[in-house]
Amino acid sequence: MNKKVGFTIFFCCSVFSISAQSELFEDAFHNFAVSRFWDFEPISVNWNMHGLLQADLNDGLNSLIEGEPAQAEVSFTTVLKQDSSIWQAFYYRAASRKKQEKLLQAQNDLQRALKIHDFYEGHIELAKIYYLRRHLSESERAINKAIRLDKMKPAAYVIKANLKMDQREFKTAMTLYQESLAIDSLLHEARIKLAMLEAFEKKK
C-alpha cells in the first residue's frame with residue numbers, strides 16, 4: 001500500500017475514533033444528567049389532618065414509592081378535593097404526574113404548592129420540569145431561587161450542575177459539583193459525575 005494512502009486512512013480512522021468516543025461520552029452525560037430529573041426530592045409531611053385524609057395521603061406516598069404513579073395521583077387528588085391547602089399533596093401529585101410524563105399538569109401542581117408554601121424542594125422540582133419541557137431559562141431561574149433559599153443544601157447545586165452538563169457547559173458543571181461536595185463531601189452522585197467530567201476533559 002502507498003505510504004501516503006496508508007497514513008491518510010490511519011489518520012481518518014483515528015479522527016473518527018476520537019469523534020465517536022466524544023459522542024459516546026456526550027450521550028452518556030445526557031442520559032446520566034437527565035435521568036435524575038424524573039426522580040423527586042423527598043419532603044416531610046405534617047400529619048395534622050383528620051384520619052381519612054391521612055390514610056389517602058399515606059396511600060398515595062406508598063403507591064408513588066412502589067412505582068405506581070397513576071394510583072398515587074388518584075390518592076393525592078382525593079386528598080386535594082377535601083382540602084386544597086395541603087401543599088405536600090400538590091407536591092407529591094406533581095411527582096406522580098411527572099412520572100407519567102404529564103409535565104404541564106405537574107408544573108401547575110408545583111406552582112400551586114409554591115403559592116401556598118415557598119419551599120426549597122418545590123423550586124428544584126419546578127426547575128427539573130421546566131428543563132424536561134425545554135424551557136431552559138425558566139429552569140435556571142427556578143434552580144437559582146432554590147440556591148438563594150438555602151445555600152447550605154447541596155441538592156440544588158447538583159441539579160444545576162446536571163443542567164450545565166447536559167448543555168455541554170462542562171467546566172461550569174464541574175465547579176457546581178465541587179461546590180456541592182464542599183457542603184457534603186460524601187455526596188455520591190456529585191463525586192461520580194465530577195470524576196466522569198474530569199476523565200472527559202483529560203481525553204480532549
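Entry: I started with Glu189 and Lys193, whose side chains meet in a salt bridge at 2.5 Å, N to O. I took a salt bridge to be a side-chain nitrogen of Lys or Arg within 4 Å of a carboxyl oxygen of Asp or Glu. Both Glu189 and Lys193 sit in helix H10 (residues 188–203), four residues apart, about one turn of the helix. Is Lys193 buried or exposed? Lys193 counts as buried because its relative accessible area is 1%. My cut-offs were under 20% relative accessible area for buried, over 50% for exposed and partly exposed in between, with a 1.4 Å probe and protein chains only.

**Entry: ground rules.** I noted that this is a predicted model, in which local features need pLDDT of at least 70 and side-chain atom pairs count only at pLDDT 80 or more, while totals for chains, interfaces and linings use all residues. Residues are numbered from 1 along each chain as its sequence is written, and side-chain values use heavy atoms, with hydrogens and water left out.

Entry: How many salt bridges does the structure hold? I found 18. Glu189 and Lys193 belong to a network of salt bridges that also links Arg36, Glu41, Lys98, Glu125 and Lys128. Glu41 and Arg36 are both buried.

Next I checked Asp39 and Lys99, which form a salt bridge through their side chains at 3.4 Å, N to O. This pair links distant parts of the chain: Asp39 is in the loop between helix H1 (3–35) and helix H2 (51–65), and Lys99 is in helix H4 (residues 87–99), 60 residues apart. Asp39 has 36% relative accessibility, so I logged Asp39 as partly exposed. Lys99, at 37%, is therefore partly exposed as well.

**Entry: overall make-up.** I counted 10 helices and zero strands in the protein. The pattern along the sequence reads α-α-α-α-α-α-α-α-α-α. Of the 204 residues, 44% count as buried. Contact here means heavy atoms within 4.5 Å. Among contacts with a separation of 6 or more, 57% come from residues 24 or more positions apart.

**Entry: the core.** Which residues touch the most other members of the largest nonpolar core? Tyr92, Ile124 and Tyr177 do, in a core of 59 residues. Such a core is a set of buried Ala, Val, Leu, Ile, Met, Phe, Trp, Tyr and Cys residues joined through side-chain atoms within 4.5 Å. Setting aside residues up to four places away in sequence, I found Tyr177 touching Val158, Ala161, Asn162, Met165, Ala190, Lys193, Leu194 and Leu197. I was pleased to meet Lys193 again in that list.

**Entry: two packed helices.** Helix H7 (residues 136–149) packs on helix H8 (residues 155–166) at an angle of about 155°, with their axes 9 Å apart. H7 is therefore roughly antiparallel to H8. Angles over 145 degrees count as roughly antiparallel, under 35 as roughly parallel, 65 to 115 as roughly perpendicular and the rest as oblique. The axes are lines fitted to C-alpha atoms over the stretch in contact, and the angles run from 0 to 180 degrees between N-to-C directions. From H7, Ser139, Glu140, Ile143, Asn144, Ala146 and Ile147 meet Ala156, Tyr157, Ile159, Lys160, Leu163 and Lys164 of H8.

**Entry: single residues.** Gln88 lies in helix H4, and I logged Gln88 as buried because its relative accessibility is 5%. Beyond neighbours within four places in sequence, Gln88 contacts Ile43, Ser44, Val45 and Asn46.

I then looked at phi. Most residues other than glycine have a negative phi. Arg134 has a positive phi near 65° and sits in the loop between helix H6 (120–132) and H7. Arg168 also has a positive phi near 65°; its place is the loop between H8 and helix H9 (170–183).

My last stop was Thr78, found in helix H3 (residues 69–82). Thr78 and Asp56 are 22 residues apart in sequence and 7.0 Å apart in space, C-alpha to C-alpha.
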